[in-house]
Amino acid sequence: MWDYTDKVMDHFRHPRNVGTIEHPDGKATVGSLACGDALTFMFKLGPDGRIAEAKFQTFGCASAVASSSALTEMVIGKTVEEAEKITNREIADYLGGLPDQKMHCSVMGREALEAAIHNYRTGEENVVQVNDEIVCTCFGVSKAEIERVTRENHLHSVEEVTNFCKAGGGCGMCRDRIQEIVDEVNHAAAAAPAPEAQPKRLTTLQRIKLIERTLEEQVRPVLKKDGGDVELIDVDGDVVRIAFRGMCAGCRSAALTRDNLVAKALHEFVDPALTVEMV
Amino acid sequence: MKTVYLDNNATTRPAPEVIEAMMPFFTELWGNPSSMHAFGGQVARPLEAAREEVADFLGAEHPEEIVFNGCATEGDNHALFGVAAAWGKPGTIITSRVEHPAVLGPCLRLREMGHTVVEIGVDGEGLFDMAAYEAALAAHPGPKLVSVMWANNETGVLFPIRRIAELGKAAGATVHTDAVQAAGKVPIDVREAPVDLLTVAGHKMHAPKGVGVLYVRRGTRIKPYVIGGHQERGRRGGTENVPYIVGMGVACRLAKAALTDGSELRIARLRDKLEAGLLATCPDSRVNGSRTHRVPNTLNVSFEYIEGESVLYHLSDRGICASSGSACAAGSLEPSHVIRAMGVPFTAVHGSIRFSLSRYTTEEEIDYVLHHCPEVVAEMRALSPFVKHG
């Protein structure tokens, strides 16, 4: 059996907000019977401009039902502008996490939300961009969608992309193309000057925040894959003090990780003058 | 909460008689049968007695045609790689599209190694395409291995192994069958079905996990797969797993008795009751696979417009153990290759549920499932965007 969290099982066993709304302000269906999961999501705004009601119907596995149920709880009470900022990661986090192979369920939730908001604004039923390259024909996943999940979730491999949006999980013919796209995205991310890194003079607080963000975005995902983590202890002038946690704590290669991963990332995104110490 | 175990094609409850017979070989008779001392040597006799029980169960003429191994995947690997290795040159493997991964995996590998692999399809009922098979036998000169399952693990559909073996032999092929899902459910007799190689798994017939059998007809050209010592007459190296082999012998004796004492008829009656009850109480449901050419214990049913993993979790909450060919339940994104090979419509592919019974299944348990399953299906349908509500 899957290692589902109690919260996933709770939302699966007792899904919230199942059903339909008579005259919804926004409505969309994503996925299909052929793909193995599908979600119809709709919402209605209250007089205060906030989402007063949200309902769903889902065809899919336990985590698909739970992700849909979680989504409805998350959007109620939000303005459309607030709701559209919800990421798939936040849906997964709301449930206490999802197994890697089930992350695509959270992506389906985010897609349905976006499509319903699009429907609310334009009245269009469908958000598929006709001129967008369809990369995975088995599951109908576009290049734009692959780029997006790669960027938002810091993905590096085809396998990860498959876990998040199913692309490449069918016949496998598109796996090379997916790797190209992932490489392009990551290359662009690495080459792009991090906007916050450019200002000549950062205040101390800005600098610490940027260090924290760099650790969060560039370092932590890599360590987490091996069951490790990193914590920022202190910043003293140009000296950054960190501590490795989890599997990384006491790892014999910790110094290598510090130099090749942590220092490199901080040099690139914050300041080449920084030195990193382990405490 | 009670447990209703209807997942016997995945694994079975070890029979109490089997476990009881095994115990002394853990506690007292733990010697090595190859030893040149009486303490070890005394376990060689029970080992050979088990071999005779298995030979009797399969209709093998000679006990030495029975090779004990670790599991059916090993047996299938031994059959496929062992025969291909004995050719010493590229040959052709003819198999079916609905085999277990223990056969499909080695076939992929053999293709990479330069052999030709031909996969025979099935029709909408899951029945073997005999015409395509005969054509494949005729189309490929040179060394040939036929590897076709006796019964399908997902649908329980039976293939006409006797005819398949006769045609294969007539065309000069070596013939292997994975009989894992047939053993103990229908009579198996290698005197009637002239296969050269046949795979059986202990844990699918009330022996524990960790023991299997490859039947190797005398005169079959096959090389060992696990290479090492002289055990099993050089066909499978490794110290014999004596307690499990003893258990396998008892399991075969019990299975043989169950095939003649009416147990299988009782299982078939319970399965049919489950089938009729579910079809009657769950609208938009369909049976996958032939209902006439099928082992007596298996029911594969699709509940349209809902997804299998969700159904399994809800059944599990009620203590009911079953399995599904749905993609999610398999931990993959693609639904079962068996269900797809049969051309089952997409509305039904993801909602396929397999119930598999055993001789320990009771009528009360079937009634319990018939009471609870329809409410699970109705609950899931209430969630489904593909069902017209109200």
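This is a predicted model: local features need pLDDT of at least 70, side-chain atom pairs count only at pLDDT 80 or more; totals for chains, interfaces and linings use all residues.
**View 1. Helices α5(A) and α6(A) cross at roughly 120°.** In chain A, helix α5 spans residues 103-122 and helix α6 spans residues 143-153. Their axes come within 13 Å. The two helices are therefore oblique to each other, and the crossing of α5(A) and α6(A) is right-handed.

**View 2. Side by side, α5(A) and α6(A) meet through residues from both helices.** On the α5(A) side, look for Val107(A), Arg110(A), Glu111(A) and Glu114(A). Facing them from α6(A) are Glu145(A), Arg148(A), Val149(A) and Glu152(A). Sorted by class, this contact has six charged residues and two nonpolar ones, with no polar residues.

**View 3. Chain B brings together 15 helices and 13 strands.** Its radius of gyration is 22 Å, close to the 21 Å that the globule rule gives for 390 residues, so chain B is as compact as a globular protein of that length. Taken along the principal axes, the C-alpha atoms of chain B fill a box of roughly 75 × 55 × 35 Å.

**View 4. Inside chain B, 59% of the 390 residues are buried.**

How values were computed:
Residues are numbered from 1 along each chain as its sequence is written. Chains are lettered from A and ligands numbered from 1 in the order in which they are written. Side-chain values use heavy atoms; hydrogens and water are left out. Axes are lines fitted to C-alpha atoms, for helices over the stretch in contact, and angles run from 0 to 180 degrees between N-to-C directions. Helices (H or I, at least four residues) and strands (E, at least two) are DSSP runs, numbered from the N terminus. Angles under 35 degrees count as roughly parallel, over 145 as roughly antiparallel, 65 to 115 as roughly perpendicular and the rest as oblique. A crossing is left-handed if the near helix is turned anticlockwise from the far one by less than a right angle, and right-handed if clockwise. Contact means heavy atoms within 4.5 Å. Ala, Val, Leu, Ile, Met, Phe, Trp, Tyr, Cys and Pro count as nonpolar, Asp, Glu, Lys and Arg as charged, and the others, Gly among them, as polar. The radius of gyration is taken over C-alpha atoms; the globule rule is 2.2 Å times the number of residues to the power 0.38. Buried means under 20% relative accessible area, exposed over 50%, partly exposed in between (1.4 Å probe, protein chains only).
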